[in-house]
There are 2 protein chains.
Amino acid sequence: MQAQKDAVQLLKHAGLRVTPQREAILQFLLDYDGHATVDDIYTSLQDRFPSMSVSTVYNTVKQLSQVGLVKEIGVGDGASRFDINVEPHHHLVCTRCGALFDFYLEEPIHLSVPPEAEGFEIEDYHVEVRGVCPRCKKQQVS
Amino acid sequence: MQAQKDAVQLLKHAGLRVTPQREAILQFLLDYDGHATVDDIYTSLQDRFPSMSVSTVYNTVKQLSQVGLVKEIGVGDGASRFDINVEPHHHLVCTRCGALFDFYLEEPIHLSVPPEAEGFEIEDYHVEVRGVCPRCKKQQVS
DNA sequence: GACCTAGATGAGAACGATTCTTAAATAAGA
DNA sequence: TCTTATTTAAGAATCGTTCTCATCTAGGTC
């Protein structure tokens, strides 16, 4: 009840219409521990919304991300993931299994904009660290 | 002649068979000023290799990147881009037009691996800075 | 130079993620 | 309750990429 109200309030405050589908999708992301793909959301809500289409999930997460309620993270080549953690943070990606971990930088990056991009207006940045996660490291025989 | 020899030598040293298609693709990347997509390569070589298939381009760039002759950079959602600059470097991406600029970090990043990823073995990392390039900034009225 | 074989190519089918299209359904203000 | 601008469902369409497989060829061997 509590949590359900949250999703509704968040949608209202964001100026989005409250529909059952949106509420469920946002709620799912609020409860989900990790970085969900559209397919995660879609299949998880199949029971409650058997007739919901994938387009609806795409539309919804796009809107949620436009109003800043979720953050889209596109690492590597696979499907985009959606993160309820909208604070600026970065990711470790396992090149073996695709697992994703959040991390925070100890201090902001320092970069020198090259001459040909003089005047580039930085909006934000994302660091993608690639490597082998502890789980996969354990599994490899070497 | 000079440049052409380079591509051949690079392929040989990498232990790859030298085929006309590979030579042309690598040469194209050597000459190309920027970050080419598979489609850039494919369409640019249509004249010289009318019967070359996209698969060949995909196969070739994949191999070139496996032997370290080029670097694949996948920013945002669109097509992967291939970069003859294999030094560790990072990218500015224009969120309006998709333009891509290289940049270098003044100093390496410092990160604290989160507890749940304890033992993560870092292979490399890539910083994607998003914003508005000078050209697009000029064009927007505001 | 001719021969052999692992490896490369071309053509198109297949695939996965995402977007588009359209008609029907509905949230939310009047 | 009525109205209208939004949202939805369903599936077609699109885009980038991979796969399949029959044919071809680079490059070592004789």
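Student: What makes the A:T19 side chain a polar contact of DNA strand D?

Tutor: An N or O atom in the side chain of A:T19 is 2.5 Å from a phosphate oxygen of DNA strand D. A polar contact is a pair of N or O atoms within 3.5 Å; within protein, one must be able to donate a hydrogen and the other to accept it, and residues adjacent in sequence count only if both atoms are side-chain atoms. The value 2.5 Å is within 3.5 Å, so the pair counts.

This is a predicted model: local features need pLDDT of at least 70, side-chain atom pairs count only at pLDDT 80 or more, and totals for chains, interfaces and linings use all residues. Residues are numbered from 1 along each chain as its sequence is written, chains are lettered from A and ligands numbered from 1 in the order in which they are written, and side-chain values use heavy atoms, with hydrogens and water left out.

Student: How many residues count as near DNA strand D?

Tutor: There are 17. Near means that a heavy atom of the residue lies within 4 Å. A:T19, A:S51, A:S55, A:T56 and B:Y58 are the closest.

Student: Why is the pair A:F120 and B:F101 called edge-to-face?

Tutor: Rings of Phe, Tyr and Trp (its six-membered ring) pair if their centres lie within 6.5 Å; planes under 30 degrees apart count as stacked, over 60 as edge-to-face and the rest as tilted. The centres of A:F120 and B:F101 are 6.2 Å apart and the planes stand at 80 degrees, so the pair is edge-to-face.

Student: What makes B:F28 and B:Y32 tilted?

Tutor: Their planes are 35 degrees apart, with 5.1 Å centre to centre.

Student: How do you know whether B:F28 and B:Y32 are buried or partly exposed?

Tutor: Buried means under 20% relative accessible area, exposed over 50%, partly exposed in between (1.4 Å probe, protein chains only). B:F28 has 14%, so B:F28 counts as buried. B:Y32 has 30%, so B:Y32 counts as partly exposed.
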